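Visitor: I am new here, and I would like a short tour. Could you show me what we will be talking about?

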Amino acid sequence: MGTFEAVVRVITDNLFAQVSILIGLIALVGLILQRKPFDEVVAGALRATIGVVILNIGVEIFTGGLTSFQAIVSSAMGLEPPQATSTLADFTAGAGSVVPLIIAGGFVVHLVLVRIFPAARFVYLTGHLMYWMSVVIAASLVEAFGDVNRWVLAAVGSILIGCYWVLQPLWTRPLMRKVMGDDEVGLGHTDSLIAVASGYGARALKLGDPVEHDSENVRLPKPISFFKDINVSTATVISVIMVIAILFADSGVVSEQMGDATVLPGVWAILQALRFAAGIAILLFGVRMFLAEIVPAFKGLSEKALPGTKPALDLPVTFTRAPTAVMIGFLASTVVFLALMLVFAATGWFVLVPPMIMLFFGGGAGGVFGNAVAGWRGAIFGGVLNGIVLSVGQAIGWSLYAGTAPELATLADADWYAVGWALIGLGSLLAPLGAWAVWVLAGAALVITIAILVVLGRRSSSTGTGEGAAEARVPAAVGAGAVAVDQEANGPEPVSSPGRASSDAGPGPAAATTPAASTSSGDRPEMLDVLAVCGAGMGSSLILRTTAEKALQRLDIPATLRHTDVGSARGERVDVVIAQQTYLDELGDIAPVMVPITDFVNLDHVEQRLREGLEKEGWR
């Protein structure tokens, strides 16, 4: 028995406790099962492993900057910074090391439910949020039930996350259809509750008319357009707060945080803000890198075993429908958060830290979905709502996760709070059941999910709206938002969102369905270098890249395609850049052909825009 325990400990310490190695092995097995070439198997496994290492480095930098930020701001306001007994890095190195198992097991549960129940029509494809919500569920279960066996934690977490991935696109479906103008894609994002609350809240309050007050008829000042870059906006806001805080903070606290630094306190404050933003950027890059290799292991399942399903995509896919509403929601969210930051400090409740990523994406969600129902007034309402939720959620959530990963309260979306707090609360109620409590929680979640799917299926059948095999089949390759979308060439043309020109949705169904003749211009490179760009380089850019690959195949034009974020794109020199117009405006002339895209999943639209851009340059 002693030998057996020793072997188990060696395996646990050197495999399951080493997240990067475990992720690499999962990627390796997944690629082998897909019969990928040897070079792709090796490269994919190594990229996944390196991605986890990069992610952990980003977490360390981010959490280090968070500690200094809170200490100095607390001192400036005469408050004690929030205290915790653990950090996100500690948690992921310990109990949180099961997160990869939760992701893998959860996606199997998700696919099984989608395959069995026609009402579960969406496949969740937002890779980086698969990771974060799995972390939230793991931390919440540990907070609720204490030291849970790692295999029990992995199994229960898999059931819970699988049910969430099935239900989340369904409760946002009615409003998503209103935003996008059709039902071809669902929403796969952990700001879904902000989206729902913004849309239905704006409607209940009768804040405005979606056509008359459409935010896209409003023009924002160009000087504030830099806030579209998350890295820049994070560094800017944190720098301003840090510099001001240092002016009022106790000199001893400042000296302690500066350590051996020899620069002026103001310069040190700016450097810390830059490190804070860099940590988030590194973290996101790492998540994007390893999930781009992990989740595609399920490609075969989504293509062959799930006919009739549709993709649930990252939130930015909605941003192309109302970019001005995104900015309105983001600015409203940021202003409200900063105001509440001062209020909380004055009352001595909590020292808030502005989570710029969540302010942008959550504010954008509130803006887009509020605008779809009530115009710019709804966009403001959605942004304000997000600011309030993030402020109150951060103050309450820090204490709830003090023993696991308190950063989950700081860098969080609305769904993190709702799901995590519900698990912690239910854990307290079920505590008298002892070791069975965690299984009861998982069983209840599964039963409720199945019941909802059965009811929705019967309702669909009774109203004659069941689509089944008649729907366009949408195979999806899952990655860090990676999606392969096959739409029928003769499918319905997407309807424009309120207030937008119908041309934005792309050409009609008959447009450009015949591949163009391969008439090579003398100036056109033999192999085009094409770059797809979005704000974070994870969701919509990868979706656009996949659609563009199909469009270029139709045009019979050889090309290599990559995707990245708008910040990284500035250092690139390529032949063609594809992105929404707001990002093209920021990128200048990094490519001879700059192609504006408004509908990332409409193959006809992307093909038409690419053809027009290439013809304009004489590259036909």
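Visitor: At what angle do helix 8 and helix 9 pack?

Guide: Helix 8 covers residues 173–180 and helix 9 covers residues 192–204; helices here are DSSP runs of H or I with at least four residues, strands are E runs of at least two, and both are numbered from the N terminus. Their axes, lines fitted to C-alpha atoms over the stretch in contact, lie 10 Å apart. Angles run from 0 to 180 degrees between N-to-C directions, and for this pair the angle is about 80 degrees.

Visitor: Is that roughly parallel or roughly perpendicular?

Guide: Under 35 degrees counts as roughly parallel, over 145 as roughly antiparallel, 65 to 115 as roughly perpendicular and the rest as oblique. Helix 8 and helix 9 are therefore roughly perpendicular.

Visitor: Which residues of helix 8 make the contact?

Guide: Contact means heavy atoms within 4.5 Å. Helix 9 contributes A195, V196, G199, Y200 and R203, while helix 8 brings P174, L175 and K178.

Visitor: Before we go on, where does this model come from?

Guide: This is a predicted model, where local features need pLDDT of at least 70, side-chain atom pairs count only at pLDDT 80 or more, and totals for chains, interfaces and linings use all residues. Residues are numbered from 1 along each chain as its sequence is written, and side-chain values use heavy atoms, leaving out hydrogens and water.

Visitor: Is I103 buried or exposed?

Guide: I103 lies in helix 5, residues 99–116. Buried means under 20% relative accessible area, exposed over 50% and partly exposed in between, with a 1.4 Å probe and protein chains only. The relative accessible area of I103 is 4%, so I103 is buried.

Visitor: Which residues is I103 in contact with, leaving aside its neighbours within four places in sequence?

Guide: The C-alpha atoms of I103 and M133 are 9.1 Å apart, although 30 residues separate them along the chain. With those sequence neighbours left aside, the contacts of I103 are M130, Y131, S134 and W165.

Visitor: With which side chain does the side chain of D214 make a polar contact?

Guide: D214 sits in the loop between helix 9 and helix 10 and is buried at 2% relative accessibility. A polar contact is a pair of N or O atoms within 3.5 Å; within protein, one must be able to donate a hydrogen and the other to accept it, and residues adjacent in sequence count only if both atoms are side-chain atoms. At 3.3 Å, the partner is the side chain of N371.
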